[in-house]
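Good morning. I will take you through one structure, going from its sheets to its helices and then to its cores. Please keep the display open while I talk.

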Amino acid sequence: MDYLQNYEKWCNDEFFDEATRRELADISSDKSEIEERFYKDLEFGTAGLRGILGAGTNRMNIYTVRKATQGLADYIISCGKSDCGVAIAYDCRNMSPEFADEAARCLAANNIKAYVFDELRPTPELSFAVRYLGCVAGINITASHNPAKYNGYKVYWSDGAQITPPHDVGIMDKVKAIDDYSYPKTMSKEDAVKAGLYQVIGKELDDAYIKELKALITDQDAIDKYQKNIKIVFTPLHGTGNKPVRRLLKEIGFENVFVVPQQEKPDGNFPTVNYPNPESQEAFTLAMDIAIKEDADIIMATDPDADRLGVYVRETAGKYHSLTGNMSGCLIGEYICERRTDSGNMPSDARLVKSIVTTNMLDAIADNYNAKLEEVLTGFKYIGQKMLEYEKEHTGSYVFGMEESYGCLPGTYARDKDAVAATMMLSQAAAYYMSQGKSLWDVMVGIYDKYGYYKDDVYSITLEGKAGIEKIQSVLDVLEEKPPKKIGEYDVLAIRNYRKDERLDCKDNSISKTSLPKSNVLYYELENAAWVCVRPSGTEPKLKMYYGIRGNDFESAKTKGEALSAALKELVDGILNAE
């Protein structure tokens, strides 16, 4: 069935509700829009769904959510795990509560119990809830930091991490096998509740989750002594972070927490920002005004589902430094390693875990504290997979994990990055270092002095729609077929082709395995400890080119980073313009 036939079916079949058919009738004269909505089914990828809200097979709506949930249910039943239940959480986005309810009722119709949060919750709490409740899986309705027109559907497995092999492929196959949108089962919420298959959860999980975070406190004495001198500005960016972050900071003793009032309440339209991303300077505009007025020490912003944290720290009155995800992650990692070592609580088999696109500064930190650094593919689920390996096979003790994309996890209570915990760790670190007469910026500078001036960043281009997806893939294809021998001023020493699970040594042309799962990623090891990694985003219509260098000081690191970024732009523009 081609896209026009699909469109006609959705317009005329009374199985689809009247509002859906009316929305589609309104685009009857826009053939390109019809094609975008119906040229394919919204792809259920290795983490679930993410797409633009609206009617159509290539959009997020109750029918695509129901189809995904039926595929998940079919897989759970095939695994003989239907008696374990599924935890469901959702964020502030438009249609998130409706999609969560739709998923729960589909599971119930398949005789699988759904545990549904009573209101929006952060992603890490969903990860925690899966393990706490002994569920076989979890569903989180969120599109993280994407623009307001998006929503998404993430699937977790019983270990609390987003799905990895073999479960991701198994679920994807079940979802793809559904070619009739009337096939998925559903039932009313009332009947599901009566049958004991729809349970609303809330306070008990909140209390247990917060208790786990508070157990990570190592410097309560410093908090008690110095918290009155520390001022914190926080914004949840209209998302899920407001209640848990404020509760946690208050309960451990921080009194001077200023929340941005315009961004305090949940709002899926994100009226104060174009893009609810804590990586964006714009996201901090309102918070910065308060920080300057109050002479705050730290400014923190959580993204809509509160798994990622953006940070600014004070140097002098009115002057603040933005910390990238690499910087804030390394600051937290250094603090944890330092304090655990000082207290004699650093395991002899300590493990720090990072993604392949994360700064090599974490490698240096691990080496300094006699910990083993392990690399995984991009996606925190692979860090979660390592945690499960350590737990089951006793191959190491997890201490800390991080990604460059503003996410880290300082404990083992969950299997996904946790911005709520990160706010606590940075606030605690601020109190501890204040006891030594240092600000967080002083500590960050000290880390650079200690380990080297690492500069890591990402150059991205956005290419939307069907044509954009094809262009993104074409860039990767060209880079694979005609690999560059030099990127900017750097010779290419080795190429890791994760699509083929091969590492090519450019000096002797020898080939070895990458030892990581196959993925659509190309990684270039460059001279002078520089590197570049190219991959399509898993959540946005973007081609991402990550890079890292090491300088002799801040200025040389900045100059080298800018030059490498410009070289990457020139490389990709050349490929796109040649098409």
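This is a predicted model. I start with an open sheet of five strands, which has mixed pairing and the order 8-7-9-10-11. At its edges stand strand 8, residues 257–259, and strand 11, residues 319–323; each has a single partner strand, so one side of each is left without a neighbour in the sheet. On average, neighbouring strands here are turned by 20 degrees against each other, direction ignored.

Inside this sheet, strand 7 (residues 232–235) pairs with strand 9 (residues 298–302) in the parallel sense, over four bridges. If you look for Thr235, its bridge partner in strand 9 is Ala301. Helix 17, residues 440–451, packs on the sheet and touches strand 9, strand 10 (309–316) and strand 11. The direction of helix 17 makes about 100 degrees with that of strand 10.

Four strands form an open sheet with mixed pairing, in the order 13-12-14-15. Which strands stand at its edges? They are strand 13 and strand 15, each with a single partner strand, so one side of each is left without a neighbour in the sheet. Neighbouring strands of this sheet are turned by 20 degrees against each other on average, again ignoring direction. Strand 12 and strand 13 run parallel and are joined by five bridges. Arg351 stands opposite Lys372 of strand 13.

Two helices pack on this sheet, and I take them in turn. Helix 13 touches strand 12, strand 14 and strand 15, and its direction makes about 165 degrees with that of strand 14. Helix 15 lies across strand 12, strand 13, strand 14 and strand 15, running at about 175 degrees to strand 14.

Some detail on helix 15. It covers residues 380–393, and its 14 residues should span 20 Å at 1.5 Å a residue; the end C-alpha atoms are 20 Å apart, which agrees. Its buried residues include Phe380, Tyr382, Ile383, Met387 and Tyr390, and also Lys381 and Lys386. The buried residues of helix 15 pack against strand 12 (350–355), strand 13 (372–376), strand 14 (397–403) and strand 15 (407–409). After the helix comes His394, with a positive phi near 55 degrees.

Back to helix 13. Residues 325–342 make up helix 13, and it packs against helix 14, residues 361–368, at an angle of about 5 degrees, with the axes 10 Å apart. That makes helix 13 roughly parallel to helix 14. On the helix 13 side the contact is made by Cys330, Glu334 and Cys337, and on the helix 14 side by Met361, Leu362 and Ile365.

Next, strand 5, residues 150–157. How many of its residues are buried? Eight of its eight residues are buried. In a regular strand, side chains alternate between the two faces of the sheet. In strand 5, Tyr150, Gly152, Lys154 and Tyr156 point one way, while Asn151, Tyr153, Val155 and Trp157 point the other way. Strand 5 pairs with strand 1, residues 48–52, in the antiparallel sense over five bridges. There, Gly51 has Asn151 as its bridge partner. Strand 5 also runs antiparallel to strand 4, residues 137–141, and five bridges join these two. There, the bridge partner of Gly138 is Tyr156.

Glu464 touches Lys149, Tyr150 and Pro541, leaving aside residues up to four places away in sequence. Glu464 is found in the loop between strand 16 (453–462) and helix 18. Is Glu464 buried or partly exposed? Its relative accessible area is 49%, so Glu464 is partly exposed.

Helix 18 itself, residues 465–481, has 17 residues and reaches 25 Å from its first C-alpha to its last, close to the 24 Å expected at 1.5 Å a residue. Among its buried residues are Gly468, Ile472, Val475 and Leu479. The buried residues of helix 18 pack against strand 21 (522–526), strand 22 (531–536), strand 23 (542–551) and helix 19 (554–577).

Last, the cores. The largest nonpolar core has 126 residues, and Leu352 and Tyr524 touch the most other members. Helix 16, residues 419–434, gives the largest share of this core, twelve residues. A second, separate core has 54 residues, including Tyr90, Leu197, Phe284 and Ile299. As for Tyr524, the residues it touches include Leu479, Ile487, Trp531 and Val534, not counting residues up to four places away in sequence.

Technical notes: Residues are numbered from 1 along each chain as its sequence is written. This is a predicted model: local features need pLDDT of at least 70, side-chain atom pairs count only at pLDDT 80 or more; totals for chains, interfaces and linings use all residues. Side-chain values use heavy atoms; hydrogens and water are left out. A nonpolar core is a set of buried Ala, Val, Leu, Ile, Met, Phe, Trp, Tyr and Cys residues joined through side-chain atoms within 4.5 Å. Buried means under 20% relative accessible area, exposed over 50%, partly exposed in between (1.4 Å probe, protein chains only). Contact means heavy atoms within 4.5 Å. Two strands pair if DSSP finds at least two bridges between them. Axes are lines fitted to C-alpha atoms, for helices over the stretch in contact, and angles run from 0 to 180 degrees between N-to-C directions. The expected span of a helix is 1.5 Å times one less than its number of residues. Angles under 35 degrees count as roughly parallel, over 145 as roughly antiparallel, 65 to 115 as roughly perpendicular and the rest as oblique.
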